Protein chains: 2
Amino acid sequence: MSLATRSKRTESRPALSRDRVLRAAIEIADEGGIAAVTMRRLAESLGAEAMSLYHHVANKEQVLDGVVDVIAAEINEAVGRLTQPTRGAAWRSAARERILTARRVLLRHRWAAALFESRSATSPEVLLYFDGLVGIMRDGGFSNDLAHHAMHALGSRAIGFSQELFTPGAGPAAGEPDPVLAGMAGRLPHLVGMLAEVMHDDPDSTIGWCDDQAEFEFGLDLLLDGLDRRR
Amino acid sequence: MSLATRSKRTESRPALSRDRVLRAAIEIADEGGIAAVTMRRLAESLGAEAMSLYHHVANKEQVLDGVVDVIAAEINEAVGRLTQPTRGAAWRSAARERILTARRVLLRHRWAAALFESRSATSPEVLLYFDGLVGIMRDGGFSNDLAHHAMHALGSRAIGFSQELFTPGAGPAAGEPDPVLAGMAGRLPHLVGMLAEVMHDDPDSTIGWCDDQAEFEFGLDLLLDGLDRRR
DNA sequence: ACGTAAGACTTACAACGTAAGGTCAGGAGA
DNA sequence: TCTCCTGACCTTACGTTGTAAGTCTTACGT
């Protein structure tokens, strides 16, 4: 039995490691959402037992922290390939491109934005990302103080997503009227009027946290414009 | 026994109801955070058993949805007391005051912002809040289309909070350098430089999701200015 | 007075994170 | 070569979670 067990691992499993644990977690989240990441499922997907994971990570919190770091590293790799001027007025398009590139990575992992929000620990890779963004602003002539304000003003938008509390038409049947909204139409004159007029049936319409690309860029440009003016 | 049980309830407990369940949940969250809200604790705080709650709410999800609705109602009550002109250029300060009032309510329930984010269902009270905000913008001369963009651009900021991914100096010992940040200072020239200069030891410095009031207002004004210009 | 339905309770289960301790292969020192 | 240690892995078990299923009780319409 012991021999069988051992040989089974030796022949068919490349040995556990913190890195493999984190990558497996991302894989599980990609196909089942972040809630699908449990220590047992994680172990199973690696051909091991749940408790074995604890030799490589302290606890589940650390797994999630690590996952954030890996995704942020993926972002940094992507923005690292960008080669644009950043001096003077060029800062604006450099920052814009950096942020939209980060967003592209996050859209590959829909669950990631919610995870980024929920973590309080500072991920080294996230710090590196922000450092680069501050660098661009400094090149653009921002004072340290204004750059600081700018980071706060951008908030999560700095890394490519923004939180919507109410996404019109986000229901299961996208494009069709929200039942709750329809039920209280009488008490929501402005909202109903607005949506009636705006109901452009955009196929890429928003789902869940993920807001429309066009809306994201509108908000981003609003902020970048304002910052540029204060530069 | 049955008599004792009944009398115990009759004399000392005002009978369960959906409303009482939600209010108890808010109370528990206020003192122990949202994670402290479990069906058992909730029942206990009401002098009942966990399963009894299911006669008044379908499941825990619905409890959380209901809590969001109650908090949003509290916001609506607060903004309902505002009496400011909204026509023309006055829209800006009316919207600003509405949002800052909402924020004041959320600051009384620190856990609420994270909860608002995590819910996907549309709360009727949240819809009412947004309807009022759209109304202010329409009074200000916004087209429906621009108002729609504006709501997306504001995102969660429309209701009084903004998500920060990395809050400088948010560690346990506020005001003192982050250990992670200190450890990689060499690779974060811009960030370290910025923070060194900006480290105004603001006593109200940011903790967790809750960003500094001044920073919130800076970002809000940036957006309102931009929107006003496009009006 | 008597069913009946709603509201409360009891019991039970599967899934979760993880503490504690056992097993065993591979390497270090004799 | 033998021994013993170390550390990666597994087994078992515990407390907590949400909630399904069933039972008891009380209030009320008839």
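Colleague: In which helix of chain A does A:Glu97 lie?

Modeller: A:Glu97 lies in α5, which spans residues 91–108 of chain A, where a helix is a DSSP run of H or I with at least four residues, a strand is a run of E with at least two, and both are numbered from the N terminus. This is a predicted model, in which local features need pLDDT of at least 70 and side-chain atom pairs count only at pLDDT 80 or more, while totals for chains, interfaces and linings use all residues. Residues are numbered from 1 along each chain as its sequence is written, with chains lettered from A and ligands numbered from 1 in the order in which they are written.

Colleague: What makes A:Glu97 count as partly exposed?

Modeller: A residue is buried with 20 or more other C-beta atoms within 10 Å of its own, exposed with 12 or fewer, and partly exposed in between, the C-beta atoms being placed from the backbone; A:Glu97 has 14 such neighbours, and therefore counts as partly exposed.

Colleague: Why is A:Ala15 called exposed?

Modeller: A:Ala15 has 9 C-beta neighbours inside 10 Å, so this residue counts as exposed. A:Ala15 lies in the loop between α1 (2–12) and α2 (18–32) of chain A, and has a positive phi of about 70° although it is not a glycine.

Colleague: Where in chain A is confidence lowest?

Modeller: On pLDDT, the predictor's confidence in each residue from 0 to 100, α1 of chain A is lowest at a mean of 43, whereas α4 (residues 60–80) is highest at 98. Where pLDDT is low, the predicted coordinates should not be read in detail.
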